[in-house]
Amino acid sequence: MLLYSGTSNISLAKKIASSLNQELGNLEIHIFPDGERRVRVEDNVVDRDVVVIQTTSPKPELNYFELFFIADALKRSGAKSVTAVVAYLGYQRQDHVFRSGEAVSMDVIIKNLESLGIDKVITFDLHSIKIPELFKIPVVHLSALPIFAEEIKKITNNKFDEAVLVSPDMGGIRRIEMLSDMLGGISSSSIIKNRDLKSGNIESAEINGEVKQVAFVVDDMISTGRTIIAGANLLKEKGTEEVYVFATHPVFSFEDKGIFDEDIIKRVFVTDTIEIDIKKKFEKLEVLSIANLIAEELKKQ
Ligand code: R5P
């Protein structure tokens, strides 16, 4: 198996390669002054199984196009199979028509991946468990929840009486239930939020379930941070004293990282599915690596 990386998350690709005791393959990615890319595979890949590691945030269009060009170069050069490790699968939130007249962005991306001859996709914590069904090629849907479970055990010292897992929206309830199972049945609650589909603003929120002293709020991603902050404030209003945030994908599209300064928020755990710009990092942030989980999956190929 040969490993290649796009330019979006080279540190993750290096960690995966090192877990597999391998070097990354040689790929020339030339960026023209206007931003266009020229991709060339420098190794002999004839009849080889190859893996391309490329995440798609920030700059989803650019990173997807780069992935498409790498896959095309590998296929044209004779690769036997191409597996795309897309730890954060951009455009997944638009996986169906919410309001008539909309494009299904996820479907457009999938058509491109498939028409390029990509054989398999490995990805993490999809917004909806139904997304793999939209593909005709196999999709391996991995999760960072086992890594989060270990952190929660450390924080609580395995004592869960005063702790509750909280989903910041209805869509995350299944995720919370899975995490609760991993932690031996720790109790869980969910925030019911109503969002205006046009503006994205959260209009109202309520808690369904228990409120305890310590809350572990678990989400698939943090983008503007509005969901997490609204959830933390609601929990505080209801009597929670400490909130620990866990989110797989640090999309981090907020301008002001000061939103996480709120006292109630003790720490924010994310993973390295997306490389975080240094300007977006803050003191309470901890980045956990998914590299070993991907390496383990690739060993099965
Ligand atoms: C929404 O349904 C997702 O699960 C996340 O809660 C959401 O995308 C987070 O976005 P933001 O940080 O902008 O509130």
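**Figure 1. Arg99 is partly exposed in this predicted model, with a relative accessible area of 39%.** Here, partly exposed lies between buried (under 20% relative accessible area) and exposed (over 50%), computed with a 1.4 Å probe on protein chains only. The side chain of Arg99 forms a salt bridge with that of Glu102, at 3.1 Å from N to O. A salt bridge is a side-chain nitrogen of Lys or Arg within 4 Å of a carboxyl oxygen of Asp or Glu. Glu102 is likewise partly exposed, its relative accessible area being 23%.

**Figure 2. Arg267 and Glu286 are joined by a salt bridge between their side chains, with an N to O distance of 2.9 Å.** Arg267 belongs to strand 13 (residues 265–271) and Glu286 to strand 14 (residues 285–288), so the pair ties together parts 19 residues apart in sequence. Strands (E, at least two residues) are DSSP runs, numbered from the N terminus. Arg267 is partly exposed at 28% relative accessibility, and Glu286 is partly exposed at 29%.

**Figure 3. A salt bridge links Arg38 and Glu28, whose closest N and O atoms are 3.4 Å apart.** Because Arg38 lies in strand 3 (residues 37–41) and Glu28 in strand 2 (residues 27–31), this pair ties together parts that are ten residues apart in sequence. Arg38 has a relative accessible area of 40% and is partly exposed; Glu28, at 27%, is also partly exposed. The whole structure contains 15 salt bridges.

**Notes.** Residues are numbered from 1 along each chain as its sequence is written, and side-chain values use heavy atoms, leaving out hydrogens and water. In this predicted model, local features need pLDDT of at least 70 and side-chain atom pairs count only at pLDDT 80 or more, whereas totals for chains, interfaces and linings use all residues.

Terms used. Helices (H or I, at least four residues) and strands (E, at least two) are DSSP runs, numbered from the N terminus.
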